[in-house]
Amino acid sequence: MDRQDSFLLFKQYDHGLASGDMARHWKDEYFTRADLRKDVEFAVANHDRAWIALDRNPLWNREKQQPYSFIDYPLNEKIKHYEQGIDEVQQRTNYGAALCSLHYTSFFPKDSSQSVIFAFISREIRRRERIFGRMVKHVSAEERLDHFKLLQFCDDLSLYLCMNEPGVEKDQELSWFKDGFRQTFEFASEGMMARWEDQQTVTVTPFPFEHSFMVSIPFKNVYKKHIDECGMKIAYEQGEEGIRNVLIKG
């Protein structure tokens, strides 16, 4: 997050863990296939394992004069770590790895002319075919889609907490979220909407969770002047640590 005098930086994996907290509070009645819940929850919490190594040493984007984000990070390196992250999830759960694979390939057009993207998507399609082909428990396409949307909703809600200033007015939010979230569910056919009630409270309607709960996401506040003086690496290492605590309620 770009502020006047500093950058507020959240590690992707920390934001992912917050997504996992959200998935664990998802209402039982809204969860498809309770027998797969642990696999889905693990996938949601660990969908950004790819970024653990990358976020240890944030890179400086000279062109934009800001740290690289998950959006503009150099493509070849990013895709290499995407695959490593999915591999690590697969060591724990094949189904969870398939969901993470769906998540990462959804970032790119399937008919991309860039060879690195086309090759990545092709490898991941083969990975998912192997996983789904070997699963003892049949999972329908509709069930997979429901779990995939759950992952992406929790991801988006966690990003909402990180990428907006706490307490921001609705019309001043990041454009991604002003009109609500992109995912729809049977209980929320028109999608869901989040709103900052104050600097520590966010409401979600319709409310998909069992009860209100708190999420905590660590961050570092890195001053621009310090980056100019010492470089990104040292400035990040010496940045001010903090935690964003937010109550999620209906």
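K170 is found in the loop that runs between α6 and β4 (193-198), where helices (H or I, at least four residues) and strands (E, at least two) are DSSP runs numbered from the N terminus. The structure is a predicted model, in which local features need pLDDT of at least 70 and side-chain atom pairs count only at pLDDT 80 or more, while totals for chains, interfaces and linings use all residues. Residues are numbered from 1 along each chain as its sequence is written, and side-chain values use heavy atoms, with hydrogens and water left out.

The side chain of K170 makes a polar contact of 2.8 Å with the side chain of E173. A polar contact is a pair of N or O atoms within 3.5 Å; within protein, one must be able to donate a hydrogen and the other to accept it, and residues adjacent in sequence count only if both atoms are side-chain atoms. A polar atom of the K170 side chain also lies 2.5 Å from the backbone oxygen of A194. Residues up to four places away in sequence aside, K170 touches Y160, F177, K178, M193, A194 and R195, with contact taken as heavy atoms within 4.5 Å.

E124 is buried, with a relative accessible area of 1%. The side chains of E124 and R127 are joined by a polar contact of 2.7 Å. Beyond neighbours within four places in sequence, E124 is in contact with E83, I86, S101 and T105. Two of these names return in helix α3, whose buried residues include E83 and I86.

What does α3 pack against? The buried residues of α3 pack against α2, α4 and α5. The 16 residues of α3 should span 22 Å at 1.5 Å a residue, and the end C-alpha atoms are 23 Å apart, which agrees. The expected span of a helix is 1.5 Å times one less than its number of residues. Helix α1 can be described in the same terms: its 13 residues reach 19 Å from the first C-alpha to the last, close to the 18 Å expected. Among the buried residues of α1 are Y13, H15 and M22, and the buried residues of this helix pack against α2, α6 and β6.

The largest nonpolar core holds 60 residues, and F153, L161 and I248 have the most contacts inside it. Such a core is a set of buried Ala, Val, Leu, Ile, Met, Phe, Trp, Tyr and Cys residues joined through side-chain atoms within 4.5 Å. Helix α6 (residues 141-163) supplies the largest share of this core, 10 residues. A second, separate core has 7 residues, including L9, V222, A235 and Y236. As for L161, its contacts, not counting residues up to four places away in sequence, are M22, W196, V202, V215, I217, R244, V246 and I248.

Aromatic rings form 28 pairs across the whole structure. Rings of Phe, Tyr and Trp (its six-membered ring) pair if their centres lie within 6.5 Å; planes under 30 degrees apart count as stacked, over 60 as edge-to-face and the rest as tilted. In the pair of Y82 and F108, the ring centres are 6.5 Å apart and the planes stand at 45 degrees, so the pair is tilted. Y82 lies in helix α3 (residues 75-90) and F108 in the loop between α4 (94-105) and α5, so the pair ties together parts that are 26 residues apart in sequence. Both Y82 and F108 are buried.

Charges also meet rings. K149 lies over the face of F185, at 5.2 Å from the ring centre, and K220 lies over the face of Y236, at 4.6 Å. The criterion is that NZ of Lys or CZ of Arg is within 6 Å of the ring centre and within 35 degrees of the ring normal.

Some backbone details complete the picture. Most residues other than glycine have a negative phi, and most peptide bonds are trans. R33, in the loop between α1 (12-24) and α2 (37-46), has a positive phi near 65 degrees. Q65 has a positive phi of about 55 degrees and is partly exposed, with a relative accessible area of 47%. A cis peptide bond, with omega about -15 degrees, joins T205 and P206, and P206 lies in the loop between β5 (201-205) and β6 (213-223).

Key: Buried < 20%, exposed > 50% of the residue type's maximum accessible area, 1.4 Å probe, protein only.
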